[in-house]
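Here is a quick briefing for anyone opening this structure for the very first time. Take a look at the model, then read on.

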Amino acid sequence: MLRVSATTNNTEIDLQGVNGSAEGAARGIEFGAELMHFAEAIATHDQATLRAARQALLMRAGAAVLIDAAGVAANFQRMVRIADAIGIPVDNMDS
């Protein structure tokens, strides 16, 4: 979806940002590196890393971006829980 969105908007992006490249995340996406670190911190459940990433995003991008990013992350969590509740496998948690 990111690739198609970037193509539609004539924005150059580097999909390596999805794989943890801060340099890649920053290409074509405003606050991309900070957003990537914030998302990774949420996914790892590391509270100290999350506090640092949240503060960095707030200082660099402002409260509105931080709130939007937290809302998007919460929405993904909601979708995963709904899929799990109705029996749709999302991830193989045994690996």
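Is F31 buried or exposed? F31 is buried, because its relative accessible area is 15%, where buried means under 20% relative accessible area, exposed over 50% and partly exposed in between (1.4 Å probe, protein chains only). This is a predicted model, in which local features need pLDDT of at least 70 and side-chain atom pairs count only at pLDDT 80 or more, while totals for chains, interfaces and linings use all residues. Residues are numbered from 1 along each chain as its sequence is written, and side-chain values use heavy atoms, with hydrogens and water left out.

**The whole chain**

- The protein chain has five helices and zero strands; helices (H or I, at least four residues) and strands (E, at least two) are DSSP runs, numbered from the N terminus.
- Starting at the N terminus, the elements read α-α-α-α-α.
- Out of 95 residues in the protein chain, 21% count as buried.
- Take the contacts with a separation of 6 or more: residues 24 or more positions apart account for 21% of them. Contact here means heavy atoms within 4.5 Å.

**α3 against α4**

- Helix α3 (residues 32-44) packs on helix α4 (residues 47-61) at an angle of about 155 degrees, and their axes are 8 Å apart. That makes α3 roughly antiparallel to α4.
- Axes are lines fitted to C-alpha atoms, for helices over the stretch in contact, and angles run from 0 to 180 degrees between N-to-C directions. Angles under 35 degrees count as roughly parallel, over 145 as roughly antiparallel, 65 to 115 as roughly perpendicular and the rest as oblique.
- On the α3 side, E34, L35, H37, F38, A41 and I42 meet T49, L50, A53, R54, A56, L57 and R60 of α4.
- By class, this contact of α3 with α4 has eight nonpolar, two polar and three charged residues. Ala, Val, Leu, Ile, Met, Phe, Trp, Tyr, Cys and Pro count as nonpolar, Asp, Glu, Lys and Arg as charged, and the others, Gly among them, as polar.
- E34 lies in helix α3 and counts as buried, because its relative accessibility is 18%. Not counting residues up to four places away in sequence, E34 touches A56, L57 and R60.

**α3 against α5**

- α3 and helix α5 (residues 63-85) pack at an angle of about 40 degrees, with axes 11 Å apart, so α3 and α5 are oblique to each other.
- L35, F38 and I42 in α3 meet V65, L66, A69, A70 and A73 in α5. The residues of this contact divide into eight nonpolar, no polar and no charged.
- I42, found in helix α3, is partly exposed, with a relative accessible area of 23%.
- Leaving aside neighbours within four places in sequence, I42 is in contact with L50 and A73.
- I42 and A70 are 28 residues apart along the chain, and their C-alpha atoms are separated by 9.1 Å.

**Two loop residues with positive phi**

- Most residues other than glycine have a negative phi.
- F31, in the loop between α2 (22-26) and α3, has a positive phi near 65 degrees and is not a glycine.
- H45, in the loop between α3 and α4, is not a glycine either, yet its phi is positive at about 60 degrees.
- H45 counts as exposed, at 61% relative accessibility.
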